[in-house]
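Hi,

Here is the model I promised to pass on. Have a look at it first, and my notes follow below.

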Amino acid sequence: KSDVLFSFDKENWEGVNSYSYQGHVIIPPHTKIYLINDTDVDLEAYGNNRIYNLFHVYKPDGDWDSGDTEKYNIGGNLNKLVYNWKENVINVKTTAAFYGLFFRTLVVDASELILPSKKLTQQCYYSMFEQCDYLEKAPKLPATKLARTCYYQMFRHCPNLKVAPPELPATVLYDFCYQYMFYGCASLKETPKFYNQTNAYNSCAGMFSYCTSLEIAHELPATVVADGCYVTMFSNCSSLKKVPTILPATKLVQRCYDHMFFYCTSLEIAPELPATILFKDCYDGMFHHCESLRYIKCLATNPDTSNVYLWTQGIETEGTFIKHPNIEWEIGQNGIPSNWEIIDYTE
């Protein structure tokens, strides 16, 4: 059976899965533990198509509320847990390699943790730090080739997370890859920078939902969108003021921006919307109850309730709407707010 070695002094090493420890090591208070993989056998999970974690840090006896566990920081190269030292290769033949690794534990600072893999596998970081109530700093995420659900819920409900990864360098996304990644991170004030050009199904759905302190959302450069790719991405981000200046995709698909800024009550200026042909549900609820909104530029030529349903419901401020010339819009919650000035766009 493949094994992980641990040491408290970097000199004496024992196997986590040995007869003495059987996969469970209790760390004494105020003590550092060092982990490496010292096997030449590929690490595998036997989950029969269900999510199954290779490693998991947890509180004693599974007692999530135990006062016996201390807060801690983590660092080092995570790939040492899945490294074949004899062949000098990373050995992961399974999905969800680090699924739930620090789920609901008391980690505070993970900024020194190194996640060096540029190519990810399905579910590899799924829920890795989910519900870590004390986590303040996240590690960098350098991967450029993503996989389905690779970062799904990675930091979900980390209410004290203040420092997110500075950037997400992948240019091609995959289904659900960022879904709910920072959902409920109520202390986060700024998103990572994005580089992606191509989207995927629900790739960023709910990614920053309920990040109630979020103020700055960096540009979203994707020129190709997918079904539901940005659905509820910033919903209930009540402090959000600075958003992408433009959503550059000109060919839209079903639900691509559905409820994207739902209840962003501090948002004043919407991103420019250059697409001329709308698709079913693409803008539904997009600015629903954005109570401070005062400017929208939208060049759609086929606005109707099938693609802008309730998209400006709850907006009662005075504002300006820039529209495509010679196109009539409905006035009200399925179109242009009733007390807004309407101006035809000219180049």
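Predicted model: local features only at pLDDT ≥ 70, side-chain atom pairs only at ≥ 80, totals over all residues.

The largest nonpolar core has 92 residues, and Phe 129 is among the members that touch the most others, along with Phe 155, Tyr 178, Phe 234, Tyr 283 and Phe 287. As for strands, β1 (4–7) and β10 (295–298) are the elements that give two or more residues to this core.

β1 turns up again in a sheet. That sheet is open, has 3 strands in the order β2-β1-β3, and pairs antiparallel. Its edge strands, each pairing on one side only, are β2 (14–15) and β3 (34–37). Between β1 and β2 there are 2 bridges, again antiparallel, and Leu 5 has Gly 15 in β2 as its bridge partner.

One more spot to check is Ser 187, which sits in the loop between β8 (167–168) and β9 (193–194). Its side chain reaches the backbone oxygen of Pro 159 at 2.6 Å. Not counting residues up to four places away in sequence, Ser 187 touches Pro 159, Asn 160, Leu 161 and Lys 162, as well as Ser 213.

Cheers

Technical notes. Residues numbered from 1 in each chain as written. Heavy atoms only, no water. Core = buried A, V, L, I, M, F, W, Y, C linked by side-chain atoms within 4.5 Å. Buried < 20%, exposed > 50% of the residue type's maximum accessible area, 1.4 Å probe, protein only. Helix = DSSP H or I, 4+ residues; strand = E, 2+ residues; numbered from the N terminus. Polar contact = N/O pair within 3.5 Å; in protein donor to acceptor, adjacent residues only side chain to side chain. Contact = heavy atoms within 4.5 Å. Pairing = 2+ DSSP bridges.
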